[in-house]
Structure formats: structure tokens, C-alpha cells
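Welcome! Take a look at the sequence and the model, then read on.

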Amino acid sequence: MEDFYMVKVIGLYKDSEKSATLNKVHLKAYWADEDGNKIDKGYFGSTVRLYIEEYWAYNVLLKIFLKQEDFEEVIFLDMLKNIIPAYFFQMQNYLEVCLKQSYDYKSLLSQKEIKLCCGISNGFGYFQETPIIASMPIINKIPWMDIAIGELGVQEVRGKKHNERIIEYHSVTNSNFDKDEIPWCSSFVNWCLYQVGIVGTNNALAYSWLHYGIELNKPAYGAIAIMNYSHVGFVAGINDDHRIILLGGNQGDAVTLSPNSSKLVKSYRYPIGFTPDYNLPKYHLKGRSLDVSSTR
């Protein structure tokens, strides 16, 4: 069968050039959700699985990765795997990908599809890439979260100077604040929505969100969570200790991903015209929950 032809790989091994003949790998796969239901479109912030339907691989290592351009690989935190063919004999015949965990997330946002590829090596040769084994068009259903993720790390400046980015957050509200010490969680949420053409509350008060959009009876990815200690942020996931993860501004004086007790949520709100996604990414974050002292 033509799928079994050999390829020759040349590479360096202990500073000397070596060559090897490798067996060709054939993989056939499909994208599915966490329940195993086949899907043909994905969107950022979601978790998808790649189920392996068929495989032919002999005496090689496999490197599974996502492709962005012909010359550029997109490596995910939990996606880069060097695996032996026996991996596919196990019951768990899928790879799980969290689309928001790219090292180069902003660059990936401009792509129209995600493509999964495979490379082969015998341990010392360069990886020889096989054809694309699966691809999936991208539909960005929760665009404000892409913006919010891109702001991670923005923080207040100590002393008399102020972070101009935080002052820019304030500029989309009805307040004319020119200092980064003034609580800015609501300004951050307003600014993120504004960047993608969604009208927020235009108000710097956290409780201004209590009657915004529609109310959800449980957390969804990208939902606006209003906390009972007058704080607001976006739901980014669920922790393994059942705390919700908030992506928000003015969390420890910065834009961070922080755990928070779901018992302290007054309301989950969602922009009108968008469909909530209740499939929350999983986190394993340690540390205390947010409270008044860490959001002022």
C-alpha cells in the first residue's frame, strides 16, 4: 500500500551527521467536543479533542502539533507530545486541545482554521512532516475574551506615574479618571466589550452590571460575573477546587486570572445576541480567592 513507503531523514546526532530511513505515518482523525460528539467548527476559549480513527506507524516517534502557516508551528501548553505508536492502542485515543492556551495566542487569532499535523523521527533525525491529518474552521463566538486575554499582565504603576493603558480603560466610561489607583475593574470590562463593538454599561461602578444584558443561571465562558464585594470580571474557567476563575482588571492591581468563590457571585450577565458556552476550561490555580482587599 502506498501509505507505507519509506522516507529518509538526515540530522545531527552527537555532533555528527546521521541518516535514517523511517516508515511513513498515516493518521486519520476528526475533531470532537469533550463528550466525543463530532464537530466541524471551533472557536477560541473552547476545549476540543482530536479523535484518532486510523493510524499506521512503525518504529517511529510522533510529534503532534498545530500548524499556523506553512512555515510556522503553533505549540500549545498541553499539546506538544512526543509519543510512540503504542499511545494509540490505549483506551484514550484522543488528544485534548484548549484553544486559548497558545504561546502565540494573538497571532493565532488572525487564522481562519486550525490544522493538525504530525512529524516523525527515529530519535536523532529531523522531524519529517506528514500531510495535514485534520483541520477545523474557526468561528470566533466570544470575541471580547480574546481582547481580555491579550491584556493579561497590564498593571498599575507604583508612585506618581500612572499606566496609560488603565487610564484608557477608564476613557470608555462616564468617568474622567486620570489615575490608575482608582478601582478600574468595571472600566476594564467596558473597554474589552467596546473593542469588539459591544455596548457595555459605560459606567465605572461594578454594580452597574447587575441589570446588563441577560442573566444566566450558571457561569458560562466570557460571562460577566458581579461579585458581592463590588467587583466585576469575566468568567474564564473553573478551578479543580470548584472555584470560578475570573479574568479581570484591578485584581491585585493588575489584569490577572484569579480564583474566586462562586458563592460570592451576585449575578452572571451576558451580552444580548450571543449564545453562552457553558463548557468551561479547567484550571489548577492555587492561592487565596479574590476579596475586597485584592480588588481595591
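Among contacts between residues at least 6 apart in sequence, 61% join residues at least 24 apart. Please keep in mind that this is a predicted model. Its secondary structure comes to four helices and 18 strands.

**Surface and interior**
- The protein has 296 residues, and 50% of them count as buried.
- Its accessible surface comes to about 14,900 Å², and carbon and sulfur atoms account for 51% of that.

**Helix 2**
- Helix 2 covers residues 143-150, and because six of its eight residues are buried, it is largely enclosed by the rest of the structure.
- The buried residues in this helix are P143, W144, M145, D146, A148 and I149.

**A look at S175**
- You can find S175 in the loop between helix 3 (164-171) and helix 4 (185-195).
- Is S175 buried or exposed? S175 has a relative accessible area of 19%, and because the cut-off for buried is under 20%, S175 counts as buried.
- The side chains of S175 and N174 are joined by a polar contact of 3.4 Å.
- Leaving aside residues up to four places away in sequence, S175 touches H170 and A204.

**Cysteines and disulfides**
- A disulfide is a covalent bond between the sulfur atoms of two cysteines.
- How many disulfides does a search of the whole structure find? The search finds zero.
- C185 is buried, with a relative accessible area of 4%.
- C192 is buried too, and its relative accessible area is 0%.

Conventions. Residues are numbered from 1 along each chain as its sequence is written. This is a predicted model: local features need pLDDT of at least 70, side-chain atom pairs count only at pLDDT 80 or more; totals for chains, interfaces and linings use all residues. Side-chain values use heavy atoms; hydrogens and water are left out. Buried means under 20% relative accessible area, exposed over 50%, partly exposed in between (1.4 Å probe, protein chains only). Helices (H or I, at least four residues) and strands (E, at least two) are DSSP runs, numbered from the N terminus. A polar contact is a pair of N or O atoms within 3.5 Å; within protein, one must be able to donate a hydrogen and the other to accept it, and residues adjacent in sequence count only if both atoms are side-chain atoms. Contact means heavy atoms within 4.5 Å. A disulfide is a pair of cysteine sulfur atoms within 2.5 Å. Accessible areas come from the Shrake-Rupley method with a 1.4 Å probe; for residues, only the protein chains shown count as cover.
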